[in-house]
Amino acid sequence: MTSLTSNLQINGDRLWDSLMEMAQIGPGIAGGNNRQTLTDDDARGRALFQSWCEAAGLAMGLDTMGNMFARREGTDPEALPVYVGSHLDTQPTGGKYDGVLGVLAGLEVIRTLDDLGIRTKHPIVAVNWTNEEGTRFAPAMLASGVFAGMHDEAWAKDRKDAAGKRFGDELVRIGWQGEEPVGQRRMHAYFEYHIEQGPILEDEDVQIGVVTHGQGLYWLEVTLTGKENHTGSTPMYKRRDAGLGMARVIELVNEVAMDYQPGAVGTVGHMDAYPNSRNIIAGRTTFTIDIRSPSKETLDEMRERIEDGIDTIAEALDIDVSVDEVGHFDPVTFDATCVAAVRHAAERLGYSHTDIVSGAGHDACWINRVAPTAMIFCPCVDGLSHNEAEEISKEWAKAGADVLFHAVVETAEIVG
């Protein structure tokens, strides 16, 4: 019987070459990628991934949300599969590694097993989840959320992008809507490998992040409605300035987040002003608040304080307000056994490692609701992500993929 020893490692050159080849699809304008979900480039990226899976002899499954499942059979037909993956879609100005690393490292796990002639009791499935980023169709992690029963499929397919195009229509248009009912698959475990998207691992010169928890978040879309008027002839005391209201809310969000340090974060990212003219007082502003914390109590307190503060600001400025929740998930505690498998793999391989909390949302956060789940992080340069300058090293990519390989294969159980 083959045992897991430190000399069992993935092919780092092959993984890197796959990353670079995938990055040729949907290139950005500054060295990264713009391969947004359900675009033609997304379709091409999916086709490339499928071709690699078929070359590895894997059976491809496709569900009604477009989630892709490439299966390597195990020796026990009754054993539930171990799933491993992430997402291929990117931000409009995204990097070459966010999400993609996890999908292609999952494929590399399977390729390495084939190279070494190793069989496992449990099947292993490499997965690409649809629309993790949520940049074109909100919310993020949309298809994995439907898979996990957190969203209704009909509701998800009715999400519209900025041009009014429906998710369901675009999925059909690019040819990647399957017939398999979404969410019917049962999992023995799920592992996701990702760049950290933060500076901790690089700052501490640590190779592997053992992800124990994920932050919860709220996305609150705020609309402030005042009255547009001439900037030169309207006295200050007569103004109902929605732009001033937005400015005060931005300051409020920062103040609240700072009151819950360390760990909590908050910002206003997306902002629109109407009519957005230099000599007209803004009559309406719409913007999205993003607050996160690994503590549910803290997260809920932050939301309450912010919403109360918005009401106070609106009353003082004589403007109307609406607040809509457009995204939410509670903090996540990942499965202790799967986390231990990641930690043991890093120790077996001699890689430096540390426990870490994920500051970003990932498909693993939803899949954790329906299957034992864990995540692995590798460093990224300057903690930069959701940016075309996002960068990792080949050595970092390989180290995390080695840990992924050992954790997945240990969980899938080698047979002689």
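**Annotated sites and aromatic contacts in the predicted model**

The side chains of histidine 194 and aspartate 98 are joined by a polar contact of 2.9 Å (a pair of N or O atoms within 3.5 Å; within protein, one must be able to donate a hydrogen and the other to accept it, and residues adjacent in sequence count only if both atoms are side-chain atoms). The model is predicted, so that local features need pLDDT of at least 70 and side-chain atom pairs count only at pLDDT 80 or more, whereas totals for chains, interfaces and linings use all residues. Residues are numbered from 1 along each chain as its sequence is written, and side-chain values use heavy atoms, with hydrogens and water left out.

Histidine 194 belongs to strand β6 (residues 189-195); helices (H or I, at least four residues) and strands (E, at least two) are DSSP runs, numbered from the N terminus. With a relative accessibility of 0%, histidine 194 counts as buried (buried, under 20% relative accessible area; exposed, over 50%; partly exposed, in between; 1.4 Å probe, protein chains only). Aspartate 98, located in the loop between β3 (82-86) and α3 (100-116), is likewise buried, at 4% relative accessibility.

In UniProt, an unreviewed entry assigns the feature "binding site" to His87, Asp98 and His194. These residues span 108 residues of sequence yet cluster in space, the largest C-alpha distance being 9.8 Å. The unreviewed entry also places a "binding site" feature at Asp98, Glu133 and His386. UniProt positions are given in the numbering used here, feature names are shortened, and annotations may be inferred rather than shown by experiment.

Glutamate 133 occupies the loop between β5 (124-128) and α4 (142-147) and is buried, with a relative accessible area of 7%. Beyond its neighbours within four places in sequence, the contacts of glutamate 133 include His87, Asp98 and His386 (contact, heavy atoms within 4.5 Å). Histidine 386, in the loop between β14 (373-378) and α12 (394-412), is partly exposed at 40% relative accessible area. Its side chain makes a polar contact of 3.2 Å with that of aspartate 98. Residues up to four places away in sequence aside, aspartate 98 touches His87, Glu133, His194 and His386, among others.

Asparagine 368 lies in the loop between α11 (363-367) and β14 and is buried, with a relative accessible area of 19%. A polar atom of the asparagine 368 side chain is 3.2 Å from the backbone oxygen of threonine 333.

Across the whole structure, 8 aromatic pairs are found (rings of Phe, Tyr and Trp, the last by its six-membered ring, with centres within 6.5 Å; planes under 30 degrees apart count as stacked, over 60 as edge-to-face and the rest as tilted). One of these, phenylalanine 69 with phenylalanine 147, is tilted, at 6.2 Å centre to centre and 45° between the planes. Phenylalanine 69 is in strand β2 (residues 68-72) and phenylalanine 147 in helix α4, so the pair ties together parts 78 residues apart in sequence. Tryptophan 129 and phenylalanine 147 form an edge-to-face pair, with ring centres 5.2 Å apart and planes at 70°. Ring pairs link Phe69, Tyr83, Trp129, Phe147 and Tyr190 into a cluster.

Arginine 284 lies over the face of tyrosine 274, 4.6 Å from the ring centre (NZ of Lys or CZ of Arg within 6 Å of the ring centre and within 35 degrees of the ring normal).
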